[in-house]
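Trainee: I have a model open and want to learn how to read it feature by feature. Can we go through it together?

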Amino acid sequence: MRINKYISESGLYPRRETDRLIAAGRITINGQPCTKGAQVEPGDLVAVDGEPVTTVTKKLVYLALNKPAGITCTSSREVEGNIIDFVGYPSRIFAVGRLDKYSEGLILLTNDGSIVNRMMRAENGHEKEYSVAVDKPVTDEFLHRMAAGVDILGTRTLPCETGRLSETEFRIVLKQGLNLQIRRMCKELGYRVLRLERIRIMNIVLSGLERGQWRHLEQAELAGLFALLNHSED
């Protein structure tokens, strides 16, 4: 089994974090620092910072959090206001994807490392929906240009769905996740984001969850989520 998969299935870290730990020489196999593509064989001793790692059967946890502004989506406990300390779940979990510190709304947390790459892989085109308040009236031209694609970060954003919610609010459905994408798109078109809230990830919706509160995903939600993940990989 590849070291990335071994660590993610242990529930310790998602694969991206595992890659960072490997690059820093903090993961060893049988006492030797390993490389990103290393294989773990039966009987091998895998350790992170000298602490042994085992893949054991564990109860899988899937949470939905209504993240307040000011909370940082990182598993690094030394970061003040990190999402792990904010949630305070009794066992190890990590966030699936990110919301920037000043954005709010829906984010998923889990100890199921196998789900992270499946949800975050750009080519799978999983939908994420946002409600956005800006500093001036939302025009038809603005909505059309946002939907058609905006040049940011040396590329053009993918076509997306937009709609007006009020004079200065709109909704947008993305299938990609460039760094600060919505904020950069708005800025490029002469708008400033005042509030950005994620209200849906795939089939999971925010409604009914108070700001700062979290809940376990229901079985029907999980069934729908895994159905969408499996369909995107067919």
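Trainee: Where is serine 114 found?

Mentor: Serine 114 sits in helix H4. Keep in mind that this model is predicted.

Trainee: Is serine 114 buried, partly exposed or exposed?

Mentor: Read the relative accessible area. Buried means under 20%, exposed means over 50%, and partly exposed is in between. Serine 114 has 33% relative accessibility, so serine 114 counts as partly exposed.

Trainee: How far apart are serine 114 and serine 10, in sequence and in space?

Mentor: Take both separations together. Serine 114 and serine 10 are 104 residues apart in sequence. From C-alpha to C-alpha, the distance is 9.8 Å.

Trainee: Which residues of H4 are buried?

Mentor: Gly113, Ile115, Val116, Arg118 and Met119 are the buried ones.

Trainee: What do the buried residues of H4 pack against?

Mentor: Two helices are among the partners: H1 (3-10) and H7 (219-232). The strands are S5, S6 (94-96), S7 and S13 (193-201).

Trainee: Now cavities. How many of 30 Å³ or more are there?

Mentor: The count is 1 cavity. About 40 Å³ of space lies in the largest cavity.

Trainee: Which residues line the largest cavity?

Mentor: The lining is made of Tyr62, Leu63, Val96, Leu108, Leu109, Thr110, Ile115, Met119, Leu217 and Leu225. Strand S5 (62-67), strand S7 (104-110) and helix H4 (113-120) each give two or more residues to this lining. S7 has the largest share, with 3 residues.

Trainee: What is the lining like by class?

Mentor: Sort the residues into nonpolar, polar and charged. Here 9 are nonpolar, 1 is polar and none is charged.

Trainee: What follows H4 at histidine 126?

Mentor: Histidine 126 is in the loop between H4 and strand S8 (128-134).

Trainee: Which residues is histidine 126 in contact with?

Mentor: Set aside neighbours within four places in sequence. Histidine 126 is then in contact with Arg118, Met119, Leu174, Lys175, Met202, Leu228, Leu229 and Ser232.

Trainee: Which phi does asparagine 30 have?

Mentor: Asparagine 30 also has a positive phi, about 55°, and is not a glycine. Asparagine 30 lies in the loop between strand S1 (27-29) and strand S2 (32-33). Accessibility is 46% here, so asparagine 30 counts as partly exposed.

Trainee: Next, glutamine 39. Where does it lie?

Mentor: Glutamine 39 is in the loop between S2 and strand S3 (46-48). With 40% relative accessibility, glutamine 39 counts as partly exposed.

Trainee: Which residues does glutamine 39 touch?

Mentor: Beyond four places in sequence, glutamine 39 touches Met1, Arg2, Ile29 and Asp44. For Met1, read the polar atoms. The backbone nitrogen of methionine 1 lies 3.4 Å from a polar atom of the glutamine 39 side chain. For Ile29, read the C-alpha atoms. Glutamine 39 and isoleucine 29 are 10 residues apart along the chain, and their C-alpha atoms are separated by 9.0 Å.

Trainee: What does the side chain of threonine 162 reach?

Mentor: The threonine 162 side chain reaches the backbone oxygen of leucine 143, at 3.1 Å. Threonine 162 belongs to strand S11 (residues 161-166). Apart from close sequence neighbours within four places, threonine 162 is in contact with Leu143, Met146, Ala147, Arg171 and Ile172.

Trainee: Last one. Where does tyrosine 89 lie, and what does it touch?

Mentor: Tyrosine 89 lies in the loop between helix H3 (83-87) and S6. Not counting residues up to four places away, tyrosine 89 touches Val61, Leu63, Ile84, Trp214 and His216. Tryptophan 214 is 125 residues away along the chain, with the C-alpha atoms separated by 9.9 Å.

Conventions. Residues numbered from 1 in each chain as written. Predicted model: local features only at pLDDT ≥ 70, side-chain atom pairs only at ≥ 80, totals over all residues. Heavy atoms only, no water. 1 Å grid on protein atoms, 1.4 Å probe; cavity = no way out; pocket = protein on both sides within 12 Å on 5 of 7 lines; lining within 4 Å. Points joined across faces, edges and corners; volume = space filled by probe spheres on them. Helix = DSSP H or I, 4+ residues; strand = E, 2+ residues; numbered from the N terminus. Nonpolar A, V, L, I, M, F, W, Y, C, P; charged D, E, K, R; others polar. Buried < 20%, exposed > 50% of the residue type's maximum accessible area, 1.4 Å probe, protein only. Contact = heavy atoms within 4.5 Å. Polar contact = N/O pair within 3.5 Å; in protein donor to acceptor, adjacent residues only side chain to side chain.
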